[in-house]
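Take a look at the sequence and structure below. This report covers a sheet and a pair of helices.

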Protein chains: 2
Amino acid sequence: MSILPPGSTLGILGGGQLGRYMAMSAQSKGYRVAVLDPQEDAPAHMVANLKLVGPYDDPESLRQLADCCDAITFEFENVPASSLEPFAAKGLAIRPGPKALASCQDRILEKTLINHCGIETAPWKPIHQAQDLAKALAELGGEGILKTSRSGYDGKGQARVKTLDDAQAAFAKFGSVACVLEGLVPFALECSVLAARDTDGHCETYPVCENAHQDHILDVTICPAAVSESSARAMRSRTALLAQELDYVGHLAVEFFVLPGGEVLVNEIAPRPHNSGHLTIDTALHSQFEQHVRCVLGWPVLPYESIQTAAAMANLLGDLWDHGEPHWERLGEFPDVRLHLYGKAKARPGRKMGHLTAWAESPLAAERLVRDARAALGSAA
Amino acid sequence: MSILPPGSTLGILGGGQLGRYMAMSAQSKGYRVAVLDPQEDAPAHMVANLKLVGPYDDPESLRQLADCCDAITFEFENVPASSLEPFAAKGLAIRPGPKALASCQDRILEKTLINHCGIETAPWKPIHQAQDLAKALAELGGEGILKTSRSGYDGKGQARVKTLDDAQAAFAKFGSVACVLEGLVPFALECSVLAARDTDGHCETYPVCENAHQDHILDVTICPAAVSESSARAMRSRTALLAQELDYVGHLAVEFFVLPGGEVLVNEIAPRPHNSGHLTIDTALHSQFEQHVRCVLGWPVLPYESIQTAAAMANLLGDLWDHGEPHWERLGEFPDVRLHLYGKAKARPGRKMGHLTAWAESPLAAERLVRDARAALGSAA
């Protein structure tokens with residue numbers, strides 16, 4: 001195991017809140033951080049040693065980043081393969097590696113890989129052209145969800161389709177790019193497993209999180225999830241298997257559907273720290289961001305120990321600012337709720353501005369705390 | 001209680017590791033941070049939203065800082081009163097306030113205030129001129145420690161004196177500035193109490209830390225200290241009383257001598273987060289830095305809850321780099337030891353480069369862990 005010595009520079013492609021937390025974690029160990037993001041004063045720029053402003057696919061920006069860093073990691077998976085070339089050319093550690101990035105940015109490749117490992121997903125069909133839709137729809141029971149194979153997130157590039165007309169309209173609206181059509185799954189719960197894998201192949205997983213979405217955006221996460229021990233074990237072992245299959249180095253999250261009978265299906269893989277893992281900042285001995293930078297910089301992964309019995313996290317979206325500044329003083333009523341904000345200057349509806357974490361004796365009690373605290377922020381006492 | 005809204009800018013005078021941790025804590029809540037330090041690329045500059053380089057007493061630098069911040073705090077106490085004027089002129093929150101800063105930067109004022117509260121210190125005499133030395137020395141039993149009244153830290157501006165000649169030579173060497181002569185105290189332990197006090201006057205103290213020094217520099221801290229419950233209670237209540245007396249807002253540390261019979265004497269007050277409180281980053285629900293910025297920004301202080309039974313912290317001085325890069329890979333043998341580095345580019349003997357924290361079932365077990373881990377860093381396996 002070869003550790004990049006502190007004082008080295010970690011390059012981060014992407015300067016949102018995930019990049020910001022990665023930067024803070026690396027800096028806590030004495031590393032320098034260089035961040036490339038197209039937007040000036042991005043959340044991670046605000047804390048970085050070196051800020052580069054430019055598009056992710058701009059060869060000059062990428063060359064500048066490669067010139068000043070000793071390892072490179074990613075805030076998000078939608079990086080064109082060509083963006084990795086300047087780093088590969090300099091022989092820098094690229095973590096996670098090209099295989100993981102390529103597989104996870106394309107739903108067709110990703111689902112193929114998952115199924116190839118013997119792991120179940122929702123039934124799905126690749127859609128390369130409009131003509132593929134009729135047969136796929138029929139095989140999946142006549143309805144489903146059409147998703148672009150690349151570049152979707154937070155519900156973007158997704159459409160619920162109930163007829164062939166729906167499907168054809170959605171496919172056309174997406175620009176006739178490659179898609180997958182997924183069959184509907186009557187799931188009971190959505191869950192995620194956080195995991196980190198180091199350069200020696202050791203992988204640690206975190207207790208299963210349970211996620212509730214609102215308008216396709218993560219709303220609330222609780223941990224541990226209300227699932228059976230065998231479902232939890234199945235999700236954690238599948239996550240570790242996928243990390244191994246991807247030669248993964250760094251932190252990842254695997255999203256699951258849990259069926260009413262306890263069976264688990266993989267929904268998708270996020271090759272990076274994940275919104276549902278934000279609660280680890282407060283409730284684990286080592287946060288997902290610390291684990292990520294440890295693995296990327298060549299340190300051994302550490303066991304994910306929870307320091308709280310149960311925890312919950314609620315996202316704070318820009319909508320909370322609709323009627324002006326939230327009522328911060330009301331958090332005084334919630335001493336076991338912690339506020340995190342990402343420093344974004346402009347609040348827009350749906351924009352992730354921050355989150356609340358709470359801990360309690362049970363997941364439901366923690367969930368009530370974050371929901372109540374978030375509601376309180378929205379109204380004067 | 002009036003909370004400065006997130007997005008406001010916290011000004012920090014001083015850009016070392018204390019300023020760096022303050023900056024990170026404020027940023028975690030969505031605040032912006034502006035740091036003034038005379039040195040380019042100071043540890044806190046590396047993470048700040050806005051870096052100002054200039055002397056602490058330079059009116060132009062101070063005016064620039066006052067222009068861009070909404071509240072101001074301090075990494076260290078040796079700020080001339082005139083440095084506060086630009087902030088006072090703009091009506092900004094100055095926390096801790098002028099009274100606390102003035103009292104704690106001058107040993108004569110500080111000890112006078114402490115004794116005035118009915119709290120014992122080591123016996124001491126003010127020395128304003130060389131002629132004061134003979135009488136003071138006689139009254140203190142013929143020997144003592146001469147300390148400059150202002151600007152001393154880490155043993156600088158201190159001399160152990162055994163004769164009048166010693167004392168006169170030391171006084172002359174210090175430039176005949178105002179000093180205190182302290183009587184020797186046969187203490188059993190040195191301890192510190194960390195505390196934070198908010199704008200509403202609520203004060204929270206942390207379990208007593210026990211400190212071991214090497215060459216006048218803090219070497220190892222363990223918590224909780226091996227003191228009786230009544231000694232611990234006495235130290236915590238005296239700390240809260242002093243915070244109140246100083247109208248304190250923010251985090252402070254009070255250093256104590258514990259005598260063999262359990263009596264406690266105040267050594268000095270540090271009006272800021274303190275090196276002995278670094279272990280709170282890993283072992284308390286809310287670190288000393290989080291508590292400091294909470295109080296400074298108008299949030300209520302939170303209870304200091306330990307999340308570990310016992311903990312220890314060992315400083316990493318520049319000497320560890322004497323023979324090249326430390327053997328970081330050896331930390332793999334110590335999964336319960338956490339590394340913190342401050343990003344300083346140049347290691348010099350005696351320079352605080354970082355620290356190790358460990359937790360265990362007992363303070364002594366934790367101490368052994370940090371000492372063993374630090375020793376391991378110095379030699380290949």
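## Reading helix angles

Angles under 35 degrees count as roughly parallel, over 145 as roughly antiparallel, and 65 to 115 as roughly perpendicular; the rest count as oblique. The model discussed here is predicted.

## The helix pair in chain B

Helix H6 (residues 132–139) of chain B packs against helix H7 (residues 164–173) of chain B. The angle is about 130 degrees, and the axes lie 10 Å apart. H6(B) and H7(B) are therefore oblique to each other. Their crossing is right-handed.

H6(B) contributes B:Leu133, B:Ala134 and B:Leu137 to the contact. From H7(B) come B:Leu164, B:Ala167, B:Gln168 and B:Phe171. By class, the contact residues of H6(B) and H7(B) are six nonpolar, one polar and no charged.

## The sheet in chain B

Strands of a sheet pair through backbone hydrogen bonds, either parallel or antiparallel. In chain B, five strands form an open sheet with parallel pairing. Their order is S3-S2-S1-S4-S5. Strand S3 (50–53) and strand S5 (93–94) of chain B are at the edges. Each has a single partner strand, so one side of each is left without a neighbour in the sheet.

Strands S1 (residues 9–13) and S2 (residues 32–37) of chain B run parallel, joined by five bridges.

Terms used. Residues are numbered from 1 along each chain as its sequence is written. Chains are lettered from A and ligands numbered from 1 in the order in which they are written. This is a predicted model: local features need pLDDT of at least 70, side-chain atom pairs count only at pLDDT 80 or more; totals for chains, interfaces and linings use all residues. Two strands pair if DSSP finds at least two bridges between them. Helices (H or I, at least four residues) and strands (E, at least two) are DSSP runs, numbered from the N terminus. Axes are lines fitted to C-alpha atoms, for helices over the stretch in contact, and angles run from 0 to 180 degrees between N-to-C directions. A crossing is left-handed if the near helix is turned anticlockwise from the far one by less than a right angle, and right-handed if clockwise. Two residues are in contact if their C-beta atoms, placed from the backbone, lie within 7 Å. Ala, Val, Leu, Ile, Met, Phe, Trp, Tyr, Cys and Pro count as nonpolar, Asp, Glu, Lys and Arg as charged, and the others, Gly among them, as polar.
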